[in-house]
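This report describes a chain through one of its residues, its domains and its salt bridges. The sequence and structure come first.

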Amino acid sequence: MSGEIRFVQGNEACVRGALYAGVRFFAGYPITPSTEIAEHLSEELPRVGGRFVQMEDEIASMCAVCGASLAGSKAMTATSGPGFSLKQEALGYAIMAEIPCVIVDVQRGGPSTGLPTECSQGDVMQARWGAHGDHAIIALTASSIQDVFSMTVEAFNLAETYRTPVVLLFDEVIGHMREKLEIPAPDVLPVVERLHTDVPEGVNYHPYLPREDGRLPMSDFGGVHRYNVTGLHHDIWGFPTQNATQIVKLNYHLYDKIENRAHILARWKEYFLEDAEQILVSYGSSARSARHLVEGRRAKGDRIGLLELQTLWPFPAQLVREKTAHAKSVFVVEMNMGQICAQVKNVVANPDRVFLVNRMDGKLVTPTDIGQIMRVIEGRGY
């Protein structure tokens with residue numbers, strides 16, 4: 001990769017990925033366990049001509065990110081569970097107004113203030129359904145420092161490509177552990193730049209009229225084109241409408257541009273799936289423990305494999321269905337009460353063969369935990 005090598009925390013890897021992708025604006029409010037993202041960006045953004053703003057709260061932070069992105073900057077914010085809850089109204093606005101931006105949620109134990117310094121994966125469903133109304137969202141995750149970097153770059157690329165907010169769902173373990181990070185040289189990883197309209201100044205510009213490839217060219221708000229931005233249902237000029245045909249068309253556009261591309265947006269890693277009779281499905285820090293167990297049992301001759309999901313939303317139903325089709329049993333390893341397990345059960349041919357392996361006490365689910373729970377399940381004769 002011929003780039004720089006660092007020994008960094010997960011939160012710093014996220015910062016390095018954002019800078020590589022071209023972030024130039026951050027607004028946020030400190031909250032454990034994501035605060036290091038803000039701390040590092042407060043130092044790094046001024047060095048590249050960017051802007052860092054510590055806002056008065058998470059609501060204002062998300063609103064500032066929307067404004068900065070509309071004005072032409074690649075923009076992001078970072079938070080944890082309670083702050084993510086506060087961002088949901090403005091997140092919904094970004095979905096409706098098709099504002100590209102990145103929201104990092106370094107998950108901790110909940111509900112409420114819960115376990116501020118402990119790990120959890122309890123925000124999976126909040127990422128999908130936290131904003132009200134019918135909508136779609138992209139949410140990515142990672143299990144290693146290197147993948148935190150690459151998934152952060154990917155988040156910005158997808159935000160710009162589909163003109164939509166993208167959520168990065170890390171967790172406390174991933175955010176605070178340290179590993180080697182190889183930062184690629186410039187231009188090694190693809191970086192998607194903002195698609196600006198080629199409509200000349202003085203010519204009627206339609207901010208919500210997609211091209212044939214589905215992308216919506218943007219004009220920097222406050223620049224040469226005058227147009228309207230609203231959270232209301234709107235026409236191709238951005239002005240509010242109550243026309244039933246336009247409303248339905250917009251709803252389908254916002255939903256289909258993401259959900260209809262679930263197979264394209266799917267990112268994953270797989271280990272030993274070719275002949276696996278038992279398959280673990282996991283993500284984030286849980287996948288590290290799952291991989292350790294799988295590799296150990298493989299060494300003993302067990303036919304076991306791992307499917308690590310890096311895209312959680314839109315849920316990669318086709319991928320999960322195909323990769324687990326020949327398994328005798330599927331074990332979903334996560335640190336919540338089964339938020340992804342429920343999705344796996346919904347898409348496989350035999351949901352009775354899908355089992356939850358979890359912890360939800362703020363502690364990392366370990367390979368030993370996974371093995372013990374699997375033995376209990378197998379001992380019941382399933």
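S285 is found in helix 11, which covers residues 284–299. The model is predicted, and the values below are computed from it. Is S285 buried or exposed? S285 has a relative accessible area of 1%. The cut-off for a buried residue is under 20% relative accessible area, so S285 counts as buried.

The surroundings of S285 can be listed. Leaving aside residues up to four places away in sequence, S285 touches Q121, A142, D171, V173, I174, M335 and L364. With one of these, D171, S285 makes a polar contact from side chain to side chain, at 3.0 Å.

**The two domains**

The domain assignment of the chain gives domain 1 as 4–183 and domain 2 as 269–378. Their contact takes 27 residues from domain 1 and 24 residues from domain 2. The C-alpha centres of the two domains lie 26 Å apart.

The size of an interface is often given as the accessible area lost when the parts come together. Between domain 1 and domain 2, the buried area is about 2000 Å². Carbon and sulfur atoms give 54% of that area.

The rule finds 18 residue pairs in polar contact across the interface of domain 1 and domain 2, with both residues at pLDDT 80 or more. On the side of domain 1 that touches domain 2, the elements giving two or more residues are strand 6 (115–119), helix 6 (124–129), strand 7 (138–140), helix 7 (145–162), strand 8 (165–171) and helix 8 (172–176). Helix 6 gives the most to this side, with 4 residues. The residues of this side of domain 1 divide into 15 nonpolar, 6 polar and 6 charged.

How many salt bridges are counted between domain 1 and domain 2? The count is 3 salt bridges.

**Salt bridges in the chain**

Side chains of opposite charge can pair when their charged atoms come close. The count of salt bridges comes to 23.

| Pair | Distance, N to O |
|---|---|
| E179 and R288 | 2.5 Å |
| R298 and D275 | 2.6 Å |
| R16 and E12 | 3.4 Å |
| E277 and K328 | 3.8 Å |

R298 and D275 form a salt bridge, with 2.6 Å between the closest N and O atoms. R298 lies in helix 11, and D275 lies in the loop between strand 10 (268–271) and strand 11 (278–282), so this pair ties together parts that are 23 residues apart in sequence. D275 is partly exposed, with a relative accessible area of 33%.

The salt bridge of E277 with K328 has its closest N and O atoms 3.8 Å apart. E277 is in the loop between strand 10 and strand 11, while K328 is in the loop between helix 12 (317–323) and strand 14 (329–334). This pair links distant parts of the chain, 51 residues apart. E277 is partly exposed, and its relative accessible area is 26%.

The side chains of R16 and E12 meet in a salt bridge at 3.4 Å. R16 and E12 are 4 residues apart in helix 1 (residues 10–21), so about one helical turn separates them. R16 and E12 are both buried. A network of salt bridges links E4, R6, E12, R16, E44 and R47.

Methods. Residues numbered from 1 in each chain as written. Predicted model: local features only at pLDDT ≥ 70, side-chain atom pairs only at ≥ 80, totals over all residues. Heavy atoms only, no water. Domains from an automatic or database assignment. Contact = heavy atoms within 4.5 Å. Buried area = accessible area lost by both parts, 1.4 Å probe. Salt bridge = Lys/Arg side-chain N within 4 Å of Asp/Glu carboxyl O. Polar contact = N/O pair within 3.5 Å; in protein donor to acceptor, adjacent residues only side chain to side chain. Nonpolar A, V, L, I, M, F, W, Y, C, P; charged D, E, K, R; others polar. Buried < 20%, exposed > 50% of the residue type's maximum accessible area, 1.4 Å probe, protein only.
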